[in-house]
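Open the model in a viewer and keep the selection panel at hand. The stops below go from a local element to the arrangement of the chains.

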There are 2 protein chains.
Amino acid sequence: MFELENNDGDARVGRLHTPHGEVTTPAFMPVATQGSVKALDSADVEAVGAEIVLGNTYHLYLRPGIELVREMGGLHSFMGWQRPILTDSGGFQGFSLEHLRKIYEGGITFKSHLDGSMHEFTPEGVVEHQKGLGVDIMMPLDVCLPAGADRDVTRAAVERTARWAERSLEAHAGDGPALFGIVQGGLMADLRQLSAERTVAMGFPGYSIGGLSVGETKSEMYEMAGLAAGMLPANAPRYLMGVGAPEDLVEGVARGVDMFDCALPTRIARNGGLFTGDGRVHVYTARFKSMEGPIDPECDCYTCARFSAAYLHHLFRAKELLAMRLGTIHNLRFIFRLMRDMRTSIVDGRFEEFRAAFHQRYVPANEERRQEHRAKRSSRH
Amino acid sequence: MFELENNDGDARVGRLHTPHGEVTTPAFMPVATQGSVKALDSADVEAVGAEIVLGNTYHLYLRPGIELVREMGGLHSFMGWQRPILTDSGGFQGFSLEHLRKIYEGGITFKSHLDGSMHEFTPEGVVEHQKGLGVDIMMPLDVCLPAGADRDVTRAAVERTARWAERSLEAHAGDGPALFGIVQGGLMADLRQLSAERTVAMGFPGYSIGGLSVGETKSEMYEMAGLAAGMLPANAPRYLMGVGAPEDLVEGVARGVDMFDCALPTRIARNGGLFTGDGRVHVYTARFKSMEGPIDPECDCYTCARFSAAYLHHLFRAKELLAMRLGTIHNLRFIFRLMRDMRTSIVDGRFEEFRAAFHQRYVPANEERRQEHRAKRSSRH
């Protein structure tokens, strides 16, 4: 399903082939948790340049239900999105819904965050659910741990994830959507190696790097993503799950990652946190109050082409719903311009130059904001 | 500024000429209180068929401030809307912000609902504010009373409104945007007559009918709107303020009204109340859960062309922001199709037939919902 087209150091450009068309990599997948990238419709998502979106099996299973989506012709038809869709497996919710689940060899039992009802996710069931949604790329159920889990717990999670991967492969039986393998192992290089070996031995068409961005530092995350990517075959796509701040995308690509998803760009946009070439800004601040130009003069998005920073500032202050759509469009377009520029620089053999220039200018959110982000992420469903 | 083109009984078709282009009447004006029709951007508002929108002087004065909007090139430029804009005067807020204002001969003193600061609106100041916004049609400051005000209070309000109209005209000095006169008088025909005579004698290019939809019954409102319209010159546009449920638009047009504004179509849309040819439906209800077709098979709006009723039902249940945009687009498009169909039927001399057929099918919201609407309206800022 994957063609590697170019590389520059560890950074790669390639192409994913799926039943709903091609995706150029490195690719970012906006998060459409409940069948909608929050505040946008599918035409908006297409217009910002997305080629693939991510849906959440756990959320769609609970509401509106897999069977309903299947009856409506599948998730593509239901949400009016004709490009590829990847779904997660519910494994992440097995980590984030700490008080609402039990994990055991058979699978994960969840207490619904909506109505308290009990539901069991098994490796086999999760493959079935994703097939019911009719997606292009599926994830197997896995065991995702918080940062700081000890060696024994991490090793057990790696081994269970591998056993679940085998069960998932068997349930999948090869037809329909692509099923990726997931490499776990926390921050322990030898356990990552063990996980990578066991997973690669099963022969998946693509590999996810899971269990990162769950509380560790950025440099720990970069290091482990790089190590894990290096353990994976060159001819398969590598997907770093749950990572997607601009600086993390650049560092992930530098380490050979091909796919990313993250709710951060869309979530911070709804709170007025917007990306610019110089870093993340907060549109509520007084400097934008009477700025006639767009929030980012280098941006070609719908929002920047049409509306002043002063208008956005006003909409956010006045709590107008439109603010969230315009902010989300801007942030996603920023991410897709970044992905495109990285691809071009890789093809041109000047990725390291691009990476240095990016970091030279781009000021990431301060550590305080990052902490807040982690806290929110852990409490996310 | 107004050409009367056709009439059929009391119902009229005409054309308003403004500095930002023409408006065909009968016209509905979506409410853009704070410089945004809630949940939509200006391209959405254009796409549903709006030719003119309404802004609220009181709200824009408080935030972002008249001077800021003026510096940004005026309200059209600020909100990215190049078609005509009409603004109200703050007179309605003198009614609705009951606990936050004092009305006296000089004007109205408001306590800001945002930060408690004190502000005075005078007839002269309000003209100045609207000129600062750069709008096409301005309203003079008026005294708006709740239904049930007694005769003496109503007469005093009519007389003060007339004196304020004179001061507004003088402040306006005729240049720039059109200034309408406002006819008050509650539900008392003789006071409406007095108000109409005094206002018409001043010679405005258009006339508003104010003080309705403030707690009276529908039939009282229809009767008084009809009486007031009949007191106004045929060659000027007649604007029934704050009225815009589908059945009210039909009855207003039947009585010779040319312009309407109302927050109801957009507000109920954000709560899942959607218009169809058969009446208002609630998209949360189970009948839409698995409906593959659009919410209204007769509708040509973006939402109905692209998304199933089942998807809308899901978005509203899941509290997705997109639900509010898609619902608002649908309801406004319903209103603009209704306005267009009324205009066509008037030109074709079959308005009465259209009116009867409309009422035959369209089931308005039940009385309970209407009460709730009134309560919200009264508490609205």
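The coordinates come from a predicted model. Begin in chain B by selecting strand 7 and strand 8 (residues 107-111), which pair in the antiparallel sense over four bridges. Pick B:Y104 next: its bridge partner in strand 8 of chain B is B:G107.

Now extend the selection to the whole sheet. Three strands of chain B make up an open, antiparallel sheet, and their order is 7-8-9. Strand 7 (101-104) and strand 9 (118-121) of chain B are the edge strands, each pairing on one side only. On average, and with direction ignored, neighbouring strands of this sheet are turned by 15 degrees against each other.

Move on to the contact between the chains. How many residues does the contact take from each chain? Chain B gives 32 residues and chain A gives 32 residues. To find the chain B side, select helix 3 (66-71), helix 4 (75-79), helix 13 (309-317) and helix 14 (321-347) of chain B, the elements that give two or more residues to it. Coloured by residue class, the side of chain B that touches chain A divides into 16 nonpolar, seven polar and nine charged residues.

The same surface serves both copies, as 100% of the contact residues of chain B recur in chain A.

Key: Residues numbered from 1 in each chain as written. Chains lettered and ligands numbered in written order. Predicted model: local features only at pLDDT ≥ 70, side-chain atom pairs only at ≥ 80, totals over all residues. Pairing = 2+ DSSP bridges. Axes fitted to C-alpha atoms, helices over the stretch in contact; angles between N-to-C directions. Contact = placed C-beta atoms within 7 Å. Nonpolar A, V, L, I, M, F, W, Y, C, P; charged D, E, K, R; others polar.
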